[in-house]
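Biologist: Can you walk me through this model? I'd like to go over charged pairs, then the ligand.

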Amino acid sequence: MNERIDVESAIQWWQRAVIYQVYPRSFADSNGDGVGDLAGITSHLDYLAWLGIDAIWISPIFPSPMADFGYDVANYVDVDPLFGSLADLDRLLAEAHARGIRVLLDFVPNHTSDQHPWFLESRSSRDSAHRDWYVWRDPRPGGSPPTNWLSNFGGPAWTWDEETQQYYYHAFLPQQPDLNWRNPEVRTALEGVLRFWLDRGVDGFRVDVIWQLVKDAEFRDNPPNPAYGPALAPHHRLVSLYNADRPEVHEVIRGLRAVLDEYPERVMLGEIDLPIERLMSYYGESGGGVHLPLNFLLLITPWDPARIDEAIRRYEAALPAYGWPNWVLSNHDTPRVATRSGDAQARVAAMLLLTLRGTPTVYYGDELGMRDVPVPPDRERDPFGLRLPGQGFGRDPQRTPMQWSTATNAGFSDVEPWLPLDTEYATRNVEVERDDGDSMLRLYRRLIELRRTPALAVGSLECLPQDGDVVSYIRRGADASFLVALNMGETDRQVTLPEGCHGGVVVISTHLDRQELVSTRFTLRANEGLLIEVTD
Ligand code: NOJ
């Protein structure tokens with residue numbers, strides 16, 4: 001048993017959990033406006049319970065002008081009518097909890113909408129009560145912006161306010177002004193927001209761009225990035241040294257964590273897009289920071305056995321003793337795994353995600369093998385893509401409607417959905433895959449079920465030497481030991497069990513067609529992953 005693993009009773013629910021990300025606009029439309037909503041999610045909770053997931057994280061549902069589809073919040077303590085009402089959320093919480101499913105919301109504390117009353121008041125005059133709630137600065141001599149900082153969505157990160165003759169800072173769109181977390185009133189207000197939702201029974205939060213909350217006190221210019229290349233978004237021309245990952249952010253995070261700790265069994269996931277070594281600092285000293293700093297290594301690592309193997313080792317080695325791992329395979333900001341790795345490897349990827357050590361997050365539709373859907377220019381909606389046309393930054397392709405059935409609009413909506421559907425939804429959908437014993441959906445369900453075995457849920461992980469196309473590791477618990485062997489190539493491979501293992505039983509193949517005894521040497525077919533219970 002790995003010494004990192006606490007005794008059974010000290011293990012928190014979220015360590016054993018599989019978390020499922022719902023992008024609410026695209027999950028299920030209950031009221032016929034072409035956009036998903038809370039009642040739509042509630043109506044599919046039985047499906048999620050059947051799939052076996054433990055928690056859902058719902059991307060933002062708060063009142064918003066939707067300049068960035070909800071990541072521009074105009075009121076932190078209500079629900080946008082597009083998604084329903086607070087009563088709908090209460091119902092969703094009750095129905096989810098009745099099925100043993102926890103509910104996490106997406107907390108967006110770095111910035112508000114420019115339509116938030118705080119910002120409207122802040123920009124109304126230099127003496128306004130909320131002026132210092134945002135990041136206002138004088139121009140440099142000559143009138144240029146106060147720093148060279150760039151917006152994540154292209155262009156400068158400062159917008160000039162004619163009325164009050166100052167610039168305000170926005171890490172994203174000009175419609176998303178950054179809050180000033182150095183102001184204690186901001187901290188108190190946002191901590192109050194957390195309590196509002198925790199009191200309602202929400203089980204935790206995914207916190208948006210948490211590593212960017214605090215900006216440099218001296219507003220120094222960012223240095224150029226020597227690694228910048230055309231494949232990277234334009235803001236990577238500079239290294240975000242002074243507008244992100246500032247040391248003071250950890251104190252702010254401790255404050256947020258303290259609020260969660262006032263309630264039992266709550267969890268905080270943090271969006272942190274940093275190199276692994278920096279990511280680790282977000283667990284906080286002795287684990288008093290973010291419970292799960294989201295780990296994007298599988299999102300950004302090319303689907304190559306040597307690179308994936310190295311990523312697993314590097315991440316595991318970097319984790320502090322108190323840091324529980326997390327793995328993300330797809331999300332609403334990055335192309336889907338089936339598109340990145342190809343259909344055949346998407347099954348291998350599923351086995352990887354669900355057998356690695358640590359809490360996995362599954363992005364809605366990945367369990368069906370959903371792929372990115374090409375979105376024609378006239379249907380493009382994502383501001384990132386629209387601001388940098390033709391450069392491939394748009395995130396609409398990975399946000400298309402969930403494919404429920406063969407019905408019109410894939411059973412997502414009675415009307416044309418806000419984004420186009422995959423033209424092949426008639427074969428890749430919940431209804432069809434549920435009845436097909438060999439489907440990707442069946443594979444996900446079975447892997448999630450198997451993950452409940454203590455060895456896979458909380459056991460240790462030992463990487464075995466990578467061999468050509470084969471990545472393999474052993475998960476060991478008090479109850480059992482499993483070998484996971486993943487063939488990331490197109491040809492059959494011979495695999496030898498590690499020394500000390502005398503044989504085993506194939507518990508599941510990604511092809512879902514194999515349950516047999518294996519001796520010390522066995523064949524792994526092309527694009528096949530095997531989970532083998534081994535006997536020492
Ligand atoms: C990260 C979110 O995941 C992304 O979708 C959003 O556009 C930015 N933060 C801004 O909130």
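Modeller: Start with R99 and D46, whose side chains form a salt bridge at 2.6 Å, N to O. The term means a side-chain nitrogen of Lys or Arg within 4 Å of a carboxyl oxygen of Asp or Glu.

Biologist: Where do R99 and D46 sit in the chain?

Modeller: R99 is in the loop between helix 4 (86–98) and strand 3 (102–107), and D46 is in helix 3 (residues 45–51). They are 53 residues apart, so the pair links distant parts of the chain. Helices (H or I, at least four residues) and strands (E, at least two) are DSSP runs, numbered from the N terminus.

Biologist: What should I know about the model itself?

Modeller: This is a predicted model: local features need pLDDT of at least 70, side-chain atom pairs count only at pLDDT 80 or more, and totals for chains, interfaces and linings use all residues. Residues are numbered from 1 along each chain as its sequence is written, and side-chain values use heavy atoms, with hydrogens and water left out.

Biologist: How many salt bridges does the structure hold?

Modeller: 42. Another one joins D54 and R452, at 3.3 Å, N to O. That pair also links distant parts of the chain, 398 residues apart. D54 is in the loop between helix 3 and strand 2 (55–58). R452 is in the loop between helix 15 (440–450) and helix 16 (454–458).

Biologist: D54: buried or exposed?

Modeller: Buried, at 17% relative accessibility. R452 is partly exposed at 45%. Buried means under 20% relative accessible area, exposed over 50%, partly exposed in between (1.4 Å probe, protein chains only).

Biologist: And what about R220 and D216?

Modeller: Their side chains meet in a salt bridge at 3.0 Å, N to O. R220 is partly exposed at 32%, while D216 is buried at 3%. Elsewhere, salt bridges with shared partners join D68, D333, D382, R395 and R399 into one network.

Biologist: On to the ligand. Which residues come nearest?

Modeller: D68, H111, D208, H332 and D333, out of 13 residues around the ligand. Here, around means a heavy atom within 4 Å.

Biologist: Which side chains have polar atoms by the ligand oxygens?

Modeller: Among them are D68 at 2.6 Å, D208 at 2.7 Å and R206 at 3.0 Å. A polar contact is a pair of N or O atoms within 3.5 Å.

Biologist: How much of the ligand's accessible area does the protein cover?

Modeller: 98% of the 290 Å² that the ligand has on its own. Areas come from the Shrake-Rupley method with a 1.4 Å probe.

Notes. Polar contact = N/O pair within 3.5 Å; in protein donor to acceptor, adjacent residues only side chain to side chain.
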